[in-house]
Amino acid sequence: MAYTNAEGRQQLLDELGSATEAIGMAIAMLGEAYELLDDLTADRLEELLFRPAQAASGRAKRTYAEFAERMGFPPRSFAVGSAGHASGARGHIDHAVEAIQRADAELGELQDSMLPVEIGDAAVRAGISETRGLLGPLPHAAHELERTLGR
């Protein structure tokens, strides 16, 4: 299906925005898990998951904002994610991992679509790649953290 450059740019922003929202939801879920853990485990969660997720969120938001500005689209603010309902810290961490994997998959599909290449914006391609690089290790880190829960 053919599309105009403006439509392609808007599609890229929509997909990048969706992934950014998923990262925000993951951060909210990790925050809920943090509140349910003992101090030592909560500190590990913060170091292994929360801070890297915040870094990915910041990179995704910056990529979105800079691309939107370059292309003449209005700025967008991203609402704080909602943690939803989960059973215990492990449940919140599991839901956070699902949101992280969803964001990574959405960004991967965006990369695979070649839309960022067709739009011709190297900075947005780099931002998407960096965001995925920050998200990539998080599911494994969550699994390692969960192995120690309840011990």
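Against which helices do the buried residues of α6 pack? They pack against α2 (39-71), α3 (88-112) and α5 (122-135). Here "pack" refers to contact, that is, heavy atoms within 4.5 Å. "Buried" means under 20% relative accessible area, "exposed" means over 50%, and "partly exposed" lies in between (1.4 Å probe, protein chains only).

Two remarks on the model belong here. The model is predicted: local features need pLDDT of at least 70, side-chain atom pairs count only at pLDDT 80 or more, and totals for chains, interfaces and linings use all residues. Residues are numbered from 1 along each chain as its sequence is written, and side-chain values use heavy atoms, with hydrogens and water left out.

**The whole chain**

Begin by displaying the chain as a cartoon. It contains six helices and zero strands; helices (H or I, at least four residues) and strands (E, at least two) are DSSP runs, numbered from the N terminus. The radius of gyration, taken over C-alpha atoms, is 16 Å, close to the 15 Å that the globule rule gives for 151 residues, so the chain is as compact as a globular protein of that length. The rule itself is 2.2 Å times the number of residues to the power 0.38. Along its principal axes, the C-alpha trace spans about 55 × 25 × 25 Å.

Next, colour the chain by burial: buried residues make up 40% of the 151 residues. Of the contacts with a separation of 6 or more, 81% are accounted for by residues 24 or more positions apart.

**Helix α6**

Select residues 138-147, which form helix α6. Its buried residues are Leu-138, Ala-141, Ala-142, Leu-145 and Glu-146. They cover an arc of only 135° around the axis, which puts them on the same side of α6. This arc is that of the directions from the helix axis to the C-beta atoms.

**Arg-44, in helix α2**

Now select Arg-44, which is found in helix α2. Is this residue partly exposed or buried? Arg-44 is partly exposed, with a relative accessible area of 31%. Not counting residues up to four places away in sequence, Arg-44 touches Leu-49, Leu-145 and Thr-148. The C-alpha atoms of Arg-44 and Leu-145 are separated by 7.6 Å, although the two residues are 101 residues apart along the chain.

**Ile-100, in helix α3**

Move to Ile-100, which is found in helix α3. Ile-100 is buried, with a relative accessible area of 3%. Which residues is Ile-100 in contact with, leaving aside its neighbours within four places in sequence? They are Ala-26, Leu-135, Leu-138 and Pro-139. From C-alpha to C-alpha, Ile-100 and Pro-139 are 7.7 Å apart in space, and they are 39 residues apart in sequence.

**Met-114, in a loop**

Finally, select Met-114 in the loop between α3 and α4 (115-119). Its phi is near 70°, a positive value in a residue other than glycine. Met-114 is partly exposed, with a relative accessible area of 40%.
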